[in-house]
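This report concerns aromatic contacts and nonpolar surface in a protein chain. Please consult the sequence and the structure shown here alongside the text.

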Amino acid sequence: MKISLKRIFSVILFLGAATVANATHVQGGEITYKYIGDSTSIPYQYEITLKLLRNAPGGTATLGSTATIDINSSC
């Protein structure tokens with residue numbers, strides 16, 4: 001039985017088109033800070049909020065509830 005190159009290419013193209021790929025990514029984020037040193041009697045103390053925007057179809061991606069943030073200042 002002779003199989004043509006055109007038929008092999010058609011099968012490969014069909015299988016490639018039928019493949020589904022999914023991914024989840026952090027799309028962006030927002031970081032804000034508020035000076036709270038006066039209310040805590042500790043100078044130079046800030047409250048930092050980090051919001052991450054992500055694309056997770058079906059709720060399949062999970063993020064940890066905590067994150068370590070290193071903040072430095074030269075002033």
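The sections below treat model confidence, the aromatic pairs and the nonpolar patch in turn.

## Model and confidence

The structure is a predicted model. Over the protein chain the pLDDT averages 74, and 68% of the residues score at least 70. Among the elements, strand 1 has the highest confidence, at 81, whereas helix 1 (residues 5–18) has the lowest, at a mean of 76.

## Aromatic pairs

Two aromatic pairs are present in the structure. In one of them, the ring centres of Tyr33 and Tyr46 lie 5.8 Å apart; the planes meet at 70°, and the pair is therefore edge-to-face, since that class takes angles over 60 degrees. Because Tyr33 belongs to strand 1 (residues 25–35) and Tyr46 to strand 2 (residues 46–55), this contact ties together parts that are 13 residues apart in sequence.

A further pair is formed by Tyr35 and Tyr46, whose ring centres are 5.1 Å apart; with the planes at 65°, this pair is edge-to-face. Here too distant parts of the chain are linked, with Tyr35 in strand 1 and Tyr46 in strand 2, eleven residues apart. Through these ring pairs, Tyr33, Tyr35 and Tyr46 form a cluster.

## Accessibility of the cluster

Tyr46, at 42% relative accessibility, counts as partly exposed. Tyr35 is also partly exposed, with a relative accessible area of 35%.

## Nonpolar surface patch

Tyr33, Tyr35 and Tyr46 also contribute to a nonpolar surface patch of about 1100 Å². Strand 1 and strand 2 are the elements that give two or more residues to the patch. Strand 2 gives the most, with four residues.

## Summary

The tyrosine cluster of Tyr33, Tyr35 and Tyr46 joins strand 1 to strand 2 through the contact of Tyr33 with Tyr46 and through that of Tyr35 with Tyr46.

Notes: Residues numbered from 1 in each chain as written. Predicted model: local features only at pLDDT ≥ 70, side-chain atom pairs only at ≥ 80, totals over all residues. Heavy atoms only, no water. Phe/Tyr/Trp six-rings, centres within 6.5 Å; stacked < 30°, edge-to-face > 60°. Buried < 20%, exposed > 50% of the residue type's maximum accessible area, 1.4 Å probe, protein only. Patch = residues over 30% accessible without salt bridge, like charges linked within 9 Å, V, L, I, M, F, W, Y side chains within 5 Å. Areas by Shrake-Rupley, 256 points an atom, 1.4 Å probe, with all protein chains shown as cover. Salt bridge = Lys/Arg side-chain N within 4 Å of Asp/Glu carboxyl O. pLDDT = per-residue confidence, 0-100.
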